Amino acid sequence: MRISRLLDMTTNAAATFEGALAAMASGAVLVNADMTIVYANPVAQEMLRFADPIRSSGGRLQLTQVLAPEQLERAVSAAAESEVSVGRRGVGIPARRRDGTPLVLHVLPLAQRSPRSGAPWKSVAAVFIADTGGQAAVPMDALSVLFELTPMERRVLELTVAGQSSREVANALSVAPSTIKTHMLNLFAKTGRHRREDLVKLAREASLPG
């Protein structure tokens, strides 16, 4: 069940916004635009206490193990600037506990959502820490936000990671091979990688941070 739908369903049975978050089995943290923690539910408080997989530094939320610098911060910044940047369903960021258990941090924008009783509206995003059930899927949405990919660049990256050649990607997207070459060059420039193999490695690292 998607986090946003679960939040709406839980809120219907709770007296306040914080009550809905407190009732969740997943960790939930509300932050403002500069990552200052506005609220953390009981599950998230325990995670912060042990600094696993999240921690508080000067009152600001951070990932204990970082795949790419400022990954979480950029997702929250995108949520603060425009809901369109991450979509109403939010963006998923891969993480791990210290014991290696894979997790996903879902960053959900709050600014444009309908008001709820008791909501601390200084917060611009809700960060949910969810167990992946042992599966660590490639977070293309997170990579898209992190490297500011266009929809076409994201699609080219997805197909490339899936093992398709440039010609196969061109056929799948019904565009000329030269167009795919241009998108690949853009991907290299934005990610700082220089080969197709490096892009595949990047996606794998995003899936299995460690």
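**Close-up 1. The buried residues of helix 4 in this predicted model.** Helix 4 covers residues 71-81, and its buried residues are Q71, L72, A75, V76, A78 and A79.

**Close-up 2. S123, a buried residue in a loop.** S123 sits in the loop between strand 6 (102-109) and strand 7 (125-131). Is S123 buried or exposed? With a relative accessible area of 3%, S123 counts as buried, because that value is under the 20% cut-off. So who does S123 touch? If you skip its neighbours within four places in sequence, S123 is in contact with L30, V31, N32, V38 and L110.

**Close-up 3. Helix 7 crossing helix 8.** Here you can follow helix 7 (residues 151-161) as it passes helix 8 (residues 166-173). The two axes come within 10 Å and cross at roughly 130°. Helix 7 and helix 8 are therefore oblique to each other, and the crossing is right-handed.

**Close-up 4. Where helix 7 and helix 8 meet.** Zoom in on the side that helix 7 brings to this contact, and you'll find M152, R155, V156, L159 and T160. Across from them, helix 8 brings V169, A172 and L173. Sorted by class, the contact of helix 7 with helix 8 has six nonpolar residues, one polar residue and one charged residue.

Technical notes
Residues are numbered from 1 along each chain as its sequence is written. This is a predicted model: local features need pLDDT of at least 70, side-chain atom pairs count only at pLDDT 80 or more; totals for chains, interfaces and linings use all residues. Side-chain values use heavy atoms; hydrogens and water are left out. Buried means under 20% relative accessible area, exposed over 50%, partly exposed in between (1.4 Å probe, protein chains only). Helices (H or I, at least four residues) and strands (E, at least two) are DSSP runs, numbered from the N terminus. Contact means heavy atoms within 4.5 Å. Axes are lines fitted to C-alpha atoms, for helices over the stretch in contact, and angles run from 0 to 180 degrees between N-to-C directions. Angles under 35 degrees count as roughly parallel, over 145 as roughly antiparallel, 65 to 115 as roughly perpendicular and the rest as oblique. A crossing is left-handed if the near helix is turned anticlockwise from the far one by less than a right angle, and right-handed if clockwise. Ala, Val, Leu, Ile, Met, Phe, Trp, Tyr, Cys and Pro count as nonpolar, Asp, Glu, Lys and Arg as charged, and the others, Gly among them, as polar.
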